[in-house]
Amino acid sequence: MGPLVVNEIISAETNLLFAFIIGIAFGFVLESNGFSSSRRLAGMFYGYDTTVLKVFFTAAITGMLGLLFLSLFGWLDLGLIYINPTFLWSAIGGGVIMGAGFILGGYCPGTSFCAAAIGKLDALAFIGGIFIGIFIFAEGYPLWEGFYKAKDLGSPVLNDLIGTSRGVMTLMIIVVALVMFWVGEWSEKKFARDDYKINQH
Amino acid sequence: MTKEKAPKKYMNPYLGGVLLGLVLVFAFWVSGRGLGASGASKSLIIAGVETIAPSHASSASFYKEYGSSKENPLKSWLVFQMMGVVVGGFLSGAFAGRLKFKVEKSPKITNKTRLIFAVIGGVLFGFGAQLGRGCTSGSALTGMSVLSVGGFVTMAAIFGTAFALAYFARKLWI
């Protein structure tokens, strides 16, 4: 049955309408969890608020399990979904630059739009920066095109790399995530701050 | 309890994660792709350059590779999705009583410092998301849920670098 648009059950126009509705749900969940707060997001890296870890990894394992279940039910053909390609050097290089941007700016792109929607002016400044950054990348593209396209590994998945099934791989990641949740809960007690309330802003 | 109306509490993060994961799975079921955030900004830049400097857009390689293949870069899935994110974020903030113009920062720094670093962070993130073929949403979260090796690598690089630099940026936050 799914993906609906790939199997032409819905039209490309309906797909765009769904994109808008999915976006509303995405933004609503992000804001409800305080992803519109830069101090909460940055708290991840000082241990006083590890909400990012909890939400992010719960979402990732829910996503993995959900895709497995839909496939099991015959509702989604996993052969038709998009697997992000891996260009090893640019994946690392891009990630390092994004990490620096995260700790200096306090947001990532999705959360900055969410925060700007509730009036955070620092998020608006961050969004301005995003546009400048993309423009610089676009204008200087010939300078880093080689690095951008180097070490093309195709679209490998982790379970093939390790040599196990998709299900076992997911189980292993869930176990790792549970350990990290425990560390996160411990960290919030250990690095708690007097000037910061974790569930309230 | 108090006279001032306090904003509502945030959602339980594990519940929030499950809901976010379900949104992600629904996106895959509908479109065959997951979520993304930086792609919409790229579409805006491409559309802007095509409008303001069409001859440049048709000669510079970046725009040739990405922009000119499509009839209108703004008619893309991620652009519609990001418009939804702004609406959804606003609605959640409105229901919870969190709509307010403010600059969020450590009490130790000025608003100006915070805004300057926000712009610098945005520039880096915008550039890095192009290089890494997606940001925290499109590359890390979505990539991880389909077990993409690149998704895990990008996730580890983002969080690893932020942890490594946290000490030097501490005055901004604590």
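User: What pattern does chain A follow along the sequence?
Analyst: Along its sequence, chain A reads α-α-α-α-α-α-α-α-α, which amounts to nine helices and zero strands. Helices (H or I, at least four residues) and strands (E, at least two) are DSSP runs, numbered from the N terminus. This is a predicted model, in which local features need pLDDT of at least 70 and side-chain atom pairs count only at pLDDT 80 or more, while totals for chains, interfaces and linings use all residues. Residues are numbered from 1 along each chain as its sequence is written, chains are lettered from A and ligands numbered from 1 in the order in which they are written, and side-chain values use heavy atoms, with hydrogens and water left out.

User: And how do the elements of chain B run?
Analyst: From the N terminus, chain B also gives α-α-α-α-α-α-α-α-α, with nine helices and zero strands.

User: What box do the C-alpha atoms of each chain fill?
Analyst: Taken along the principal axes, the box is roughly 50 × 45 × 35 Å for chain A and roughly 60 × 40 × 35 Å for chain B.

User: What percentage of the residues is buried in each chain?
Analyst: In chain A, 56% of the 201 residues are buried; in chain B, 55% of the 174 residues are. Buried means under 20% relative accessible area, exposed over 50%, and partly exposed in between (1.4 Å probe, protein chains only).

User: Which residues of α5(A) are buried?
Analyst: They are Pro109(A), Gly110(A), Thr111(A), Ser112(A), Phe113(A), Cys114(A), Ala115(A) and Ala117(A). Helix α5 of chain A spans residues 109-117, and eight of its nine residues are buried, so it is largely enclosed by the rest of the structure. The helix is followed by Gly119(A), whose phi is positive, near 100 degrees.

User: Changing topic, where is Phe181(A), and is it buried or exposed?
Analyst: Phe181(A) lies in helix α9 of chain A, residues 166-190. It is buried, with a relative accessible area of 8%.

User: What does Phe181(A) touch?
Analyst: Leaving aside residues up to four places away in sequence, Phe181(A) touches Leu53(A), Lys54(A), Phe57(A), Thr58(A), Ile61(A) and, from chain B, Tyr14(B). Contact means heavy atoms within 4.5 Å.

User: How many residues does each chain bring to the contact between A and B?
Analyst: Chain A brings 128 residues and chain B brings 122.

User: What area do the two chains bury between them?
Analyst: The figure is about 11100 Å², with 74% of it on carbon and sulfur atoms. Buried area is the accessible area (1.4 Å probe) that two parts lose on being put together, summed over both.

User: How many salt bridges cross the interface?
Analyst: The rule finds five between chain A and chain B. A salt bridge is a side-chain nitrogen of Lys or Arg within 4 Å of a carboxyl oxygen of Asp or Glu. One salt bridge joins the side chains of Lys75(B) and Glu13(A), at 3.4 Å from N to O.

User: How many positive and negative side chains are there in chain B?
Analyst: Chain B has 19 positive and 5 negative side chains, and the centres of the two sets lie 13 Å apart. Lys and Arg count as positive and Asp and Glu as negative; His and the chain ends are not counted. The place of a charge is taken as NZ of Lys, CZ of Arg, CG of Asp or CD of Glu.
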